[in-house]
Amino acid sequence: QVQLVESGGGLVQAGGSLRLSCEASGRTFSIYTMGWFRQGPGKEREFVAAIHWSDGGTYVADSVKGRFTISRDNAKNAMYLQMNSLKPEDTAVYYCAARAGNSRIPAILRSERKYDYWGQGTQVTVSS
């Protein structure tokens with residue numbers, strides 16, 4: 001099993017920045033890809049970004065591209081999401097997820113059903 005714990009959420013004004021962290025523990029050697037998803041009020045959970053553990057390759061949703069950056073620190077078993085130029089529509093619970101599969105197909109990376117492990121989420125609220 002793999003345990004994921006998110007941190008770094010909070011309240012920020014529009015235009016501001018936040019950095020989310022996700023720490024993995026347990027059978028971390030089984031992780032090939034980690035990702036961030038979010039679920040806004042009254043919305044379905046949506047893909048934000050993914051990163052491949054081995055080489056740091058990334059895939060970022062068009063809706064946040066240019067504003068959000070995903071990164072990882074293998075030594076710390078940690079993943080990060082740097083969020084800049086935040087907008088009220090970025091308000092959501094942000095979830096960290098991990099999968100053992102090694103696919104790099106975007107449709108698979110975007111699918112929450114393809115992730116094996118999930119954190120409990122951290123709330124991000126952007127005020128206008």
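**Labels and what backs them**

Modeller: Let's start with β5 and β6, which pair in the antiparallel sense over three bridges. Keep in mind that this is a predicted model.

Biologist: What makes β5 and β6 a pair?

Modeller: The cut-off is at least two bridges between the strands. β5 and β6 have three bridges, so they count as paired. One of those links puts A50 with Y59 as its bridge partner in β6. The two strands form a hairpin with five residues between them, and G56 in the turn has a positive phi of about 75°.

Biologist: And on the β4 side, how do you know that β4 and β5 pair?

Modeller: Same cut-off of at least two bridges: six of them join β4 (residues 33-39) to β5, and the strands run antiparallel. W36, for instance, stands opposite A49 in β5. This is a hairpin as well, with six residues between the strands; G42 in its turn has a positive phi of about 70°.

Biologist: Which residues of β11 are on its covered face, and which on its uncovered one?

Modeller: In β11 (residues 122-127), T122, V124 and V126 make up the covered face, while Q123, T125 and S127 make up the uncovered one.

Biologist: What makes β2 and β9 partners of β11?

Modeller: Bridge counts again, with at least two needed. β2 (residues 10-13) pairs with β11 in the parallel sense over four bridges, and V12 stands opposite V126. β9 (residues 92-99) is joined to β11 by three bridges and runs antiparallel to it; here A92 has V124 as its bridge partner.

Biologist: Now the sheet with the order β1-β3-β8-β7. Why do β1 and β7 count as its edges?

Modeller: That open sheet has four strands with antiparallel pairing. β1 (2-7) and β7 each have a single partner strand, so one side of each lacks a neighbour in the sheet. From one strand to the next, the twist averages 15°. At the β7 end, six bridges join β7 to β8 (residues 78-83), with F68 and M83 as bridge partners.

Biologist: How do you know that R67 is buried?

Modeller: The relative accessible area of R67 is 12%. The cut-off is under 20%, so R67 is buried. R67 sits in the loop between β6 (58-60) and β7 (68-73).

Biologist: What makes the approach of R67 to S63 a polar contact?

Modeller: The R67 side chain reaches the backbone oxygen of S63 at 3.4 Å, and the limit is within 3.5 Å. Leaving aside neighbours within four places in sequence, R67 is also in contact with Q82, M83, N84, S85, L86, K87 and D90.

Biologist: Last one: which residues have the most contacts inside the largest nonpolar core?

Modeller: L4, M34, W36, M79, L81, M83 and Y94, in a core of 36 residues. At least two residues of this core come from each of β1, β3 (18-26), β4, β5, β7, β8, β9 and β11. Beyond its neighbours within four places in sequence, L81 has contacts including W36, V48, A49, F68, I70 and Y94.

Methods
Residues numbered from 1 in each chain as written. Predicted model: local features only at pLDDT ≥ 70, side-chain atom pairs only at ≥ 80, totals over all residues. Heavy atoms only, no water. Buried < 20%, exposed > 50% of the residue type's maximum accessible area, 1.4 Å probe, protein only. Polar contact = N/O pair within 3.5 Å; in protein donor to acceptor, adjacent residues only side chain to side chain. Contact = heavy atoms within 4.5 Å. Axes fitted to C-alpha atoms, helices over the stretch in contact; angles between N-to-C directions. Core = buried A, V, L, I, M, F, W, Y, C linked by side-chain atoms within 4.5 Å.
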